[in-house]
Amino acid sequence: MTADESELRELRAAVSEFLEAKSPEDAVRKLMESEPRFDPAVWSQAADQLRLPGLAIPEEYGGDGFGLVELGVVLEEMGRALFCAPFFATVLLAAQALLASGDGDACARLLPGIASGRTTATLAVAEDHGSWDPAMVSARAVPDGDGGWTVRGRKCFVIDGTTADLILVIARTVAGPTLFAVDRDAPGLAAEPMQTLDATRAMARMTFDAVPATLVGTQGAGGRIMAKVLDVASVGLAAEQAGGARRCLETSADYARVRHQFGRPIGSFQAVKHKCADMLVQVELAEAASREAARLADEHSPDFPVAAAVAHACCSRAYMSAAMETIQVHGGIGFTWEHPAHLYFRRAKSSQLLFGGPAVYHERLLDRLGI
């Protein structure tokens, strides 16, 4: 299912209105210091009123069957608002991993709860080294003798790991990296919050001590699954980054119009004009890259993996640049804890590093190009 331009505008307006009411700066700051770092009531409203968790889940599994284009619109607005919710981990990581696994039984069992918003989920891949490469995984899964599996190991940087109802984990078997499903209440599972740069995106360190797990897909398919997941998640992250960068540009331009020095708006000074103009170029390029990658994904184009890697690199650079320039345009107040500029800088930096940082995603681009 694909929405036309008018429907996309209506979707953007509805999500924007919802986030303006539910995710203002004071709400974001409150959630940053709370546990869990999201409001369950707001999450339920996003699911019940806007059906956001099920937007890009196939209709056969209880979703609405839309694609990355529509999901990108939602993520741009969430990036603008620094929305604190388990949306990214549940929809962009866990749900996409289930779909990429090709396991119809697992999808039928788990996706309807995700689509309805009743189940939150996450994907645990990275370990102490922080790499999302399944070849680097050392956590292991072994048969339990009763037809099931048990997982041992430790995972780090698990988004929403302390609150997710369902944990999908990549662990190594004799056949190679493999995807498993673990329930939140499974014995032997422990999760503790991690102190990270960006408090608006909760992360956890998880320990698996002979935790009962269910095989998802086939043994040794973890590498193939993660390649698909990272392509889709990179485009979703790119949309979120583009939205945050757009917000940085807008707040900088607004401030440059109203802040006066030497009897005139600072926006009239050439140095500030150049900063805002450079930000505009970066933001427009980021939006174009993320939206084009989403379009190619929905068209099942063979060019999608390359476009996804390009969008990730382009939007990471644009968001970092916009976040830094926003602090500069705001001057002294932009460096203070009371101003939101540092919140966007922290999100920009953490997003840049989320799937491995510039060296890794540039290497991924070369890989997608076949170089």
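Q: Is His300 buried or exposed, and why is it classed that way?
A: A residue is classed by its relative accessible area, and the exposed class begins over 50%. In this predicted model, His300 counts as exposed because its relative accessibility is 71%. His300 lies in the loop between H8 and H9.

Q: What is the phi angle of His300?
A: His300 has a positive phi of about 55 degrees, although it is not a glycine. Ala210 is also not a glycine and has a positive phi of about 55 degrees. Ala210 is placed in strand S7, residues 203–216.

Q: Which accessibility class does Ala210 fall into, and why?
A: The partly exposed class lies between the buried class, under 20%, and the exposed class, over 50%. Ala210 counts as partly exposed because its relative accessibility is 29%. Ser116, in helix H6 (residues 104–116), is partly exposed because its value is 28%.

Q: Which residues does Ser116 touch, leaving aside those up to four places away in sequence?
A: A contact requires heavy atoms within 4.5 Å. With those sequence neighbours left out, Ser116 touches Ala47 and Asp48. Along the chain, Ser116 and Ala126 are 10 residues apart, and their C-alpha atoms are separated by 28 Å.

Q: Where is the largest pocket lined, and which residues lie nearest its centre?
A: The largest pocket holds about 560 Å³ of space. Its lining has 17 residues, with Gln96, Leu99, Val232, Ala297 and His300 nearest the centre. Two or more lining residues come from each of helix H4 (68–81), helix H5 (87–101), helix H7 (222–258), helix H8 (270–298) and helix H9 (304–330). By class, this lining has 11 nonpolar, three polar and three charged residues.

Q: How many residues line the second largest pocket, and which are closest to its centre?
A: The second largest pocket holds about 380 Å³ of space. Of its 21 lining residues, Glu25, Arg80, Ala81, Arg247 and Tyr344 are the closest to the centre. The elements that give two or more residues to this lining are helix H1 (5–22), helix H2 (25–32), H4, H7, H9 and helix H10 (341–353). The lining divides into 10 nonpolar, six polar and five charged residues.

Q: How many cavities of 30 Å³ or more does the structure hold?
A: A cavity is a space where a probe fits but cannot get out, whereas a pocket is open. The structure holds one cavity of 30 Å³ or more. The largest cavity has a volume of about 150 Å³. Its lining comprises 17 residues, and Phe83, Ala85, Thr200, Arg201 and Arg347 lie nearest the centre. H4 and H5 each supply at least two of the lining residues. The classes here are 11 nonpolar, one polar and five charged.

Q: Which residues form an aromatic cluster?
A: A pair of aromatic rings is described by the distance of the centres and the angle of the planes. The count comes to four aromatic pairs. One aromatic cluster is formed by Phe88, Trp132 and Phe355.

Q: Which arginine lies over the face of Phe88?
A: Arg201 lies over the face of Phe88, at 5.0 Å from the ring centre. Arg201 is also among the residues nearest the centre of the largest cavity. Arg29 lies over the face of Trp337, at 5.9 Å from the ring centre.

Q: Which peptide bond ending at Pro36 is cis?
A: The bond from Glu35 to Pro36 is cis, with omega near 5 degrees. Pro36 lies in the loop between H2 and helix H3 (40–49).

Key
Residues numbered from 1 in each chain as written. Predicted model: local features only at pLDDT ≥ 70, side-chain atom pairs only at ≥ 80, totals over all residues. Heavy atoms only, no water. 1 Å grid on protein atoms, 1.4 Å probe; cavity = no way out; pocket = protein on both sides within 12 Å on 5 of 7 lines; lining within 4 Å. Points joined across faces, edges and corners; volume = space filled by probe spheres on them. Helix = DSSP H or I, 4+ residues; strand = E, 2+ residues; numbered from the N terminus. Nonpolar A, V, L, I, M, F, W, Y, C, P; charged D, E, K, R; others polar. Phe/Tyr/Trp six-rings, centres within 6.5 Å; stacked < 30°, edge-to-face > 60°. Lys NZ or Arg CZ within 6 Å of the ring centre and 35° of its normal. Buried < 20%, exposed > 50% of the residue type's maximum accessible area, 1.4 Å probe, protein only.
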